[in-house]
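Colleague: Please take one part of this model and look at it closely, then connect what you find there to the rest of the chain.

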Amino acid sequence: MGDRRGDPSADDRPSPSGDAAPTGILRAFVEAVPTPTLVCDPETLTIRAANAPAADLLGHDRGTLTLMGLPDVGENEVTVSGESIADVAAAAPAAGSPASADSGAAVEQFEWDLRLGNPGLRVDAALRAATIAGDEWLVVGLSDATARVAAEAERAAERRLVDAVAETVPLALFRCTEEGTLSRWNERLAADSGYDPESLSGRALTSLFDEETSGLVSDSLSRVYREGEPASCEAQLLTRSGERVPYRLSLGPVTDGDRVVGAVGVGEDLTEASLREERLAVLTRVLRHNFRNDLNVVTGFTGRAIEAVDDPDLVAELERVVDTAERLLRLGETSRKVERLLSYRPSPRPVALAPAVDAALESLDEEVRARATVDVDVPEGLAVSAVAFLPEAITELVDNAVRHSDADAPRVRISAAELPSESWVSLVVADDGPGIPPAERAVLTGEETPLEHASGLGLWYVNWIVTAGGGSLDIAESKAGGSRIELSLRAAEEPPEDADLFDPDEFGDGA
């Protein structure tokens with residue numbers, strides 16, 4: 001392309017018509033343009049004038065630029081689309097031609113990588129034929145497109161990543177517009193609903209669900225759009241073939257600044273989970289019923305056998321049978337409570353601590369309560385954030401402390417205090433018994449062996465209740481040598497509405 005470079009020896013170079021075109025006029029022309037601009041000879045593509053923004057963009061001073069041809073300013077002579085710069089310039093209509101009368105047709109636009117590598121330099125270029133001082137010239141406008149191209153590449157990479165994740169995750173993923181219509185989704189949603197992509201595009205999310213439950217979906221969407229908070233619900237997906245499928249939706253907001261501009265969601269087909277839960281529930285009820293009835297038979301007949309024999313050794317063995325059966329009955333009762341807790345998944349709420357302790361003691365087995373002395377030091381006015389099952393956790397701890405004590409008159413102390421941080425409340429149940437064996441403590445650290453799982457079910461139950469409310473449990477030795485179990489509970493931000501904290505009928509008995 002050396003034959004297209006300008007002659008540096010002349011101050012005023014020949015114009016395309018052969019006359020001396022004043023360089024000053026061309027310079028004045030480009031200097032009046034605020035964006036990077038070059039003026040070239042339309043025949044040779046020699047650069048005849050360049051303004052300061054063009055020099056800054058291209059990294060050459062204006063004197064150097066006027067020694068170059070247009071294709072020489074880049075590291076390659078082709079556009080991003082693969083056309084040569086010379087061919088693109090040749091396609092620009094000459095000034096005064098019929099094509100140039102149409103301003104749109106008079107401009108040739110393209111993208112050009114002037115510098116390759118990282119960092120590179122890409123420009124948006126526009127070639128326009130123009131008449132200046134009576135002569136025809138090619139005016140080249142440039143703008144830096146590097147940042148835009150990099151951002152587009154980053155967005156494209158992010159879209160590819162999102163698409164890959166969306167197709168890999170075994171859940172339905174989708175996005176809704178501000179109007180609640182589907183704009184993007186993965187194949188799983190199409191498969192679950194039975195609709196092809198053309199039918200899903202622009203379809204209202206609520207229209208995918210039956211009349212009875214679409215209102216739940218609408219309410220969840222409204223919460224996302226109105227409050228900008230995540231929401232979830234369970235509804236019946238109505239497939240294209242008319243089948244109703246139990247479905248769980250989790251929705252979240254898409255924001256632009258403070259404004260919610262859409263929603264994203266995850267959908268899960270609950271058919272298999274529902275069938276599994278239903279079958280397990282039936283199996284559990286049958287097993288628990290038979291378990292309880294058979295053990296009652298064992299304890300009844302064993303009790304009669306104890307009354308009928310005089311051998312002290314045999315009586316001791318039979319009494320051990322009764323104790324074992326009763327322990328298994330209590331284990332079955334605890335498993336029922338655990339099933340109820342896991343099934344209903346209660347949410348934390350403000351709980352007045354003193355009434356919760358009173359309720360716990362009232363629900364203690366009468367024989368256990370009569371055997372022990374329970375001291376309570378829980379200040380009035382303390383309120384914590386906990387699930388409604390908190391009194392049952394306290395009952396479980398006191399019951400364990402008394403039943404496992406080898407003292408004739410066990411003592412249990414329940415105390416509570418607000419911690420210095422004022423964000424937490426400590427509730428401690430301490431006893432003077434033998435303490436909790438290491439095997440029992442192991443259930444809370446995940447170190448238990450398969451043979452030790454059942455023995456710590458009560459502690460699991462207490463731990464699940466406490467952690468469901470955002471608290472934690474710690475086991476240590478009491479001053480009396482027994483166990484000291486501390487429940488760290490979050491202080492309630494709002495006072496409880498009433499003192500009636502726990503009603504088993506509210507959740508059912510799980511039988």
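**Helix α13 and its setting**

Modeller: Helix α13 (residues 390-403) has 14 residues, which at 1.5 Å a residue should span 20 Å, and the 20 Å between its end C-alpha atoms agrees with that. The expected span is 1.5 Å times one less than the number of residues, while helices (H or I, at least four residues) and strands (E, at least two) are DSSP runs numbered from the N terminus. This is a predicted model, in which local features need pLDDT of at least 70 and side-chain atom pairs count only at pLDDT 80 or more, whereas totals for chains, interfaces and linings use all residues. Residues are numbered from 1 along each chain as its sequence is written, and side-chain values use heavy atoms, with hydrogens and water left out.

In α13, 12 of the 14 residues are buried, so the rest of the structure largely encloses this helix. Buried means under 20% relative accessible area, exposed over 50%, and partly exposed in between (1.4 Å probe, protein chains only).

Buried in α15 are Leu 457, Gly 458, Leu 459, Tyr 461, Val 462, Asn 463, Ile 465 and Val 466. The structure holds three aromatic pairs. One of them joins Trp 460 and Trp 464, stacked at 5.3 Å centre to centre with 25° between the planes. Rings of Phe, Tyr and Trp (its six-membered ring) pair if their centres lie within 6.5 Å, with planes under 30 degrees apart counted as stacked, over 60 as edge-to-face and the rest as tilted. Just after α15, Gly 470 has a positive phi of about 90°.

Most residues other than glycine have a negative phi. Leu 45, which is not a glycine, has a positive phi of about 60°; it sits in the loop between β1 (37-40) and β2 (47-50) and counts as buried at 2% relative accessibility. Ala 133, likewise not a glycine, has a positive phi of about 55°; it is placed in the loop between β4 (121-132) and β5 (135-144), but counts as exposed at 51% relative accessibility.

Ser 415, in strand β14 (residues 411-418), is buried with a relative accessible area of 19%. Leaving aside residues up to four places away in sequence, Ser 415 touches Asp 377, Val 378, Ser 426, Leu 427 and Val 428, where contact means heavy atoms within 4.5 Å.

For the chain as a whole, there are 16 helices and 17 strands, and 40% of the 511 residues count as buried. Among contacts between residues at least 6 apart in sequence, 56% join residues at least 24 apart.

A caution about confidence belongs here. The mean pLDDT (the predictor's confidence in each residue, from 0 to 100) is 82 for the protein chain, and 81% of its residues reach 70 or more. Over residues 99-105 the pLDDT is below 50, and beyond near neighbours in sequence this stretch has nine contacts in the model. Over residues 448-455 pLDDT stays under 50, with eight contacts beyond four places in sequence. Where pLDDT is low, the predicted coordinates should not be read in detail.
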